[in-house]
Amino acid sequence: MADDYLVRIGRLIRDARQHRGWTQLQLAEALATSQSAVNRIEKGNQNISLEMIARIGEALDSEIVSLGYAGPMHLRVVGGRRLSGSIEVKTSKNACVALLCASLLNSGRTILRKVARIEEVYRILEVLASIGVRARWINDGSDLEIVPPARLDLGSMDTEAARRTRSVIMFLGPLMHRAEQFEIPYAGGCDLGTRTVQPHMSALKHFGLELTATGGMYHAKVDASVSPTRPIVLTERGDTVTENALLAAARHDGVSVIRNASSNYMVQDLCFFLEELGVKVEGVGTTTLTVHGVPQIEADVDYSPSEDPVEAMSLLAAAVVTSSELTICRVPIEFLEIELAVLEEMGLDHDRGVEYRAANGRTRLVDLTVRPSKLVSPTDKIHPMPFPGLNIDNVPFFAAIAATAQGSTLIHDWVYDNRAIYLTELTRLGASVKLLDPHRVLVEGPTRWRSAEMMCPPALRPAVVVLLAMMAAEGTSVLRNVYVINRGYEDLAERLTALGARIEIFRDI
């Protein structure tokens with residue numbers, strides 16, 4: 001029996017190592033042991049203590065391997081330090097999760113380059129693995145290879161992983177082409193208030209999807225004989241709604257017209273990927289998309305998602321609140337131009353390099369240098385709009401930026417029910433942020449930041465905003481349970497530390 005447990009533990013360790021994209025040698029170096037010892041552990045041929053299991057869990061950042069002994073991750077921040085140097089923007093979180101869902105359209109092999117190594121991606125990969133999709137990290141863990149089975153095992157879906165991400169809602173579009181009936185759990189992710197799936201249902205009913213929600217699950221039935229008889233008008237110009245409609249149209253035998261479509265960065269990346277699969281998409285970058293569907297797709301494709309404009313905004317905000325000179329490389333400028341126009345009005349000192357193309361050959365990039373600036377509040381309120389307006393996910397960063405500026409700034413976050421409330425957490429770090437109603441805050445600056453110990457807000461962008469403010473605050477701050485940050489950012493603490501920040505990761509064991 002003991003030998004059997006050693007074998008099972010060894011398999012868990014091997015799977016977690018491969019999931020992280022490490023070799024046995026890399027794990028051995030992290031543990032200060034030999035590759036042969038790791039090999040024996042993974043084969044179940046070596047006794048292993050609970051202490052060693054916990055160390056392996058820490059090295060692989062895997063609660064499965066730690067068998068529950070590793071506590072939540074926290075950050076200890078020594079603030080008041082200026083950043084310097086340059087940093088590259090990583091690939092888009094939202095594009096990567098959409099492309100992972102879109103890989104279900106393809107019966108062939110899909111390779112996605114430089115996929116974001118974040119918790120949101122890991123949750124989608126866990127769901128894909130549970131239904132039979134083979135996904136493995138290749139090229140030293142940089143890229144993902146995805147190969148679907150001939151038949152998906154939808155009854156074995158990992159519902160726990162699915163509930164921890166809102167992106168699972170994008171399984172509706174591709175699964176319509178794979179099964180007449182299926183279930184997916186209610187979408188989770190950030191706590192941003194009620195977000196209805198009605199726009200998804202309204203869009204996908206044109207392709208024969210009937211959706212009911214009971215018992216924590218969405219129950220889907222597909223009538224393959226149903227076909228759009230007129231252009232589909234989305235009731236909400238949402239990113240995931242548009243992506244779901246695209247995924248449904250991609251393998252629909254005919255031409256589908258989608259109006260009031262989002263033209264945001266992740267939607268454009270999905271369109272470019274669909275074109276690699278042989279699906280013609282007209283109108284990319286506009287609010288009307290015409291999709292020429294292909295009933296069967298079996299193609300070996302190799303695609304590079306573009307860089308993340310919201311991460312670029314995060315890094316820009318980090319430079320502003322810490323009064324630093326920082327060069328941010330590979331910024332997808334098309335999706336940050338409104339934000340920069342507002343910041344120029346506020347007095348931001350910055351330079352833009354010449355434009356060049358992303359690896360997908362389509363997205364325009366620049367290198368952006370930000371210098372310490374004396375900012376004043378903008379003349380108008382900060383509020384999001386669908387692209388090409390100010391990005392919805394970039395609104396929270398203006399709370400920290402406005403707190404450094406002279407004057408009053410009104411921020412109107414009209415999209416989400418709760419997110420503006422989380423921005424008031426900045427008051428604990430010395431900012432003056434007054435909640436006017438669930439969607440509006442008034443920020444008075446400038447701020448003398450002070451250190452604090454606090455729990456991480458349960459929404460991704462406000463959580464990062466709090467971290468940036470801690471970096472500006474003199475003294476030592478603690479931000480507890482930062483899982484939500486890891487959902488959307490890869491190695492953020494380590495990357496900021498490389499620029500001169502002082503951020504220590506620790507856990508309660």
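**Close-up views of a predicted model**

Helix 14 passes helix 16 in a right-handed crossing. Please keep in mind throughout that this is a predicted model.

**View 1. Helix 14 packs against helix 16 (residues 460–472).** The axes of these two helices are 8 Å apart and meet at an angle of about 20 degrees. Since angles under 35 degrees count as roughly parallel, helix 14 is therefore roughly parallel to helix 16. Which residues make the contact between helix 14 and helix 16? From helix 14 come Pro396, Phe397 and Ala400, and they meet Arg461, Pro462, Val464, Val465 and Leu468 of helix 16.

**View 2. Helix 14 (residues 395–404) also lies across strand 18 and strand 20.** Here the helix runs at about 25 degrees to strand 20.

**View 3. Three strands form an open sheet in the order 18-20-19.** The pairing in this sheet is antiparallel. Strand 18 (407–412) and strand 19 (432–437) each have a single partner strand, so one side of each edge strand is left without a neighbour in the sheet. On average, neighbouring strands are turned by 20 degrees against each other, direction ignored. Zooming in, strand 18 pairs with strand 20 (residues 440–445) in the antiparallel sense over six bridges. For a handy landmark, look for His412, whose bridge partner in strand 20 is Arg440.

**View 4. Strand 7 and strand 8 form a hairpin.** Strand 7 covers residues 209–214 and strand 8 covers residues 217–222. The two pair in the antiparallel sense over six bridges, and Leu211 stands opposite Ala220 in strand 8. How many residues lie between strand 7 and strand 8? There are two, and Gly215 in this turn has a positive phi of about 60 degrees.

**View 5. Helix 6 (residues 119–130) is mostly covered.** Its 12 residues reach 16 Å from the first C-alpha to the last, close to the 16 Å expected at 1.5 Å a residue. Just after helix 6, look for Gly132, which takes a positive phi of about 105 degrees.

Note on methods: Residues numbered from 1 in each chain as written. Predicted model: local features only at pLDDT ≥ 70, side-chain atom pairs only at ≥ 80, totals over all residues. Heavy atoms only, no water. Helix = DSSP H or I, 4+ residues; strand = E, 2+ residues; numbered from the N terminus. Expected span 1.5 Å × (residues − 1). Buried < 20%, exposed > 50% of the residue type's maximum accessible area, 1.4 Å probe, protein only. Pairing = 2+ DSSP bridges. Axes fitted to C-alpha atoms, helices over the stretch in contact; angles between N-to-C directions. Contact = heavy atoms within 4.5 Å. Parallel < 35°, antiparallel > 145°, perpendicular 65-115°, else oblique. Left-handed = near helix turned anticlockwise from the far one by under 90°.
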